Amino acid sequence: MAARCAGRALSRAARSVINAEYNRAARSQTVQRLTCTAAPGSSSSGQDADRLKAVQFADAEVQDILNRITGLDLNKVFQPVKQELKPPKYRLLTDTQLEEAAHKAGTQAKKLLKMPPVLPERKPIEEVLCEDKMLEGMDKAKYVFTDITYNIPHRERFIVVREPSGTLRKASWEERDRLLQVYFPKNERKLTPPPMFKEENLKVMFGQNRHHAVLNYCLVQFEPDSAEFKRVHALTYEDIEKNGKYNLLWSTRLFGGLVWHLISSQRIDGLLSDMLQRDRVHDAESLVHLFNLAHPQSDSALQAQQQQASGLELLKIYADCECQRPGFIKLALQVYEQTKTQSSA
Amino acid sequence: IVHYTSLLLRKYHGGHVAIRLALGGATNRPFYRIVAAYNKRSRDGKYIEQLGSYDPLPNIYNEKLVSFNFDRIKYWMGCGAHPTKPVAKLLGECWSFVLKPYMNRISFSGGQMWTQTGIKLPEDHGVQEKQ
């Protein structure tokens with residue numbers, strides 16, 4: 001979504017008034033990516049801050065790792081969503097047809113697992129177009145003018161408010177969302193956010209372990225860069241992290257966002273220990289690799305660079321340097337190595 | 001200048017296309033559609049195209065919602081359609097200068113003033129047409 005918006009905005013240079021902030025964010029992302037690839041890992045001194053830019057969420061490498069960690073549990077992805085009851089259809093298939101059907105199911109699952117974007121929070125719009133003193137006091141209500149032309153992306157539409165004091169200003173983000181829902185309604189999106197997104201009600205949902213339902217509804221209701229979206233997501237991730245309920249989001253498309261949030265706040269210990277408990281050692285390695293990519297200035301990243309570590313050594317370096325619960329991770333690694341030697345012997 | 005109006009109104013002699021408000025809604029609850037229609041048609045009758053809407057009653061946020069399909073309004077104005085006074089007032093308020101340049105400060109029934117065309121405009125506002 002971010003790439004598509006950026007492409008359209010760049011081609012419509014004349015209408016880029018509202019899109020100025022978004023343009024700047026997209027362009028700065030591409031600039032950072034160029035600096036990442038230009039200087040491959042020369043990290044001898046921690047002073048080269050320009051070369052060691054941390055990766056962003058939308059980079060191909062990060063997305064790759066996150067997709068791998070998310071896992072592909074077909075039973076969970078195709079979990080029955082509440083729908084109308086229809087009688088089941090039975091089909092007679094040969095072996096090859098069965099394989100094809102399973103392959104198709106795999107690709108469909110990958111589509112369903114496409115991650116929602118993590119964008120920086122949008123800055124409020126405060127542009128005043130005109131102040132007409134002579135229109136002051138003409139009416140007690142505001143006039144909100146929307147452009148209904150069909151072919152414009154929603155981010156570039158003109159939505160403009162004329163206050164009773166005569167000022168003509170651009171509509172704020174909340175007003176924009178509301179009016180776009182009035183004139184171009186999306187399925188299942190309400191004009192006022194439902195009471196589920198208040199703090200008390202969210203806690204009830206978390207108590208019932210319905211985090212994925214909360215996040216899916218949040219995706220439908222709010223724009224990805226709005227403050228409300230970020231707040232709900234932060235609360236959900238905090239609750240998961242506090243209670244260690246990482247498995248609720250595993251193999252859903254919301255897992256990548258959770259991982260990214262934990263990595264940005266540098267608290268991946270709980271998730272690591274959970275992965276090691278469930279014997280997902282490769283996922284744990286990719287997680288630590290992602291952490292090193294995202295925080296290239298940290299101790300574990302620098303040491304890993306020096307020793308050119310990979311696999312279990314990455315985990316050991318991370319456990320030594322940055323971890324707050326090193327004991328558990330080292331123990332788990334020992335157990336894993338023992339089982340590996342036993343099974344090979 | 002090609003007079004599209006006469007081509008358009010080949011079968012309809014002596015009239016013009018108007019951009020005006022067609023009333024709808026219910027008792028004590030008006031709702032206007034901004035509509036391009038022939039001049040002599042009835043107010044709520046068959047129109048050529050709907051170009052927007054106007055809700056005169058303010059909602060819970062104290063807003064009166066107006067919508068314009070500026071692309072098509074520009075087309076019809078280019079074909080020689082005449083906006084009526086309320087429509088022109090609304091267009092002037094949202095700062096899309098589809099008004100003719102000689103229309104400055106025409107007062108309307110309550111002594112209300114329209115926006116002048118002589119106001120300074122920033123360069124990057126894409127909707128205006130200075131004539």
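**View 1. A:Arg122 sits in a loop of chain A.** In this predicted model, look for A:Arg122 between helix α5 (95-112) and strand β1 of chain A. Is this residue buried or exposed? A:Arg122 counts as buried, because its relative accessible area is 14%, and the cut-off for buried is under 20%.

**View 2. The neighbours of A:Arg122.** Leaving aside residues up to four places away in sequence, A:Arg122 touches A:Trp173, A:Asp177, A:Glu223, A:Asp225 and A:Ser226. Zoom in on A:Asp177: its side chain makes a polar contact with the side chain of A:Arg122, at 3.1 Å.

**View 3. Helix α6 of chain A lies across strands from chains A and B.**

**View 4. An open sheet built from nine strands.** Read across it and you get β1(A)-β4(A)-β3(A)-β2(A)-β4(B)-β3(B)-β2(B)-β1(B)-β5(B), with mixed pairing. Which strands stand at the edges? They are β1 (128-131) of chain A and β5 (82-83) of chain B; each has a single partner strand, so one side of each has no neighbour in the sheet.

**View 5. A strand pair in chain B, and a helix on the sheet.** Strands β3 (residues 49-54) and β4 (residues 63-68) of chain B pair antiparallel over three bridges. Here B:Ser53 stands opposite B:Ser67. Helix α2 (residues 70-78) of chain B packs on the sheet, touching β2 of chain A and several chain B strands, including β3 and β4. Its direction makes about 125 degrees with that of β3(B).

How values were computed. Residues are numbered from 1 along each chain as its sequence is written. Chains are lettered from A and ligands numbered from 1 in the order in which they are written. This is a predicted model: local features need pLDDT of at least 70, side-chain atom pairs count only at pLDDT 80 or more; totals for chains, interfaces and linings use all residues. Side-chain values use heavy atoms; hydrogens and water are left out. Two strands pair if DSSP finds at least two bridges between them. Helices (H or I, at least four residues) and strands (E, at least two) are DSSP runs, numbered from the N terminus. Contact means heavy atoms within 4.5 Å. Axes are lines fitted to C-alpha atoms, for helices over the stretch in contact, and angles run from 0 to 180 degrees between N-to-C directions. Buried means under 20% relative accessible area, exposed over 50%, partly exposed in between (1.4 Å probe, protein chains only). A polar contact is a pair of N or O atoms within 3.5 Å; within protein, one must be able to donate a hydrogen and the other to accept it, and residues adjacent in sequence count only if both atoms are side-chain atoms.
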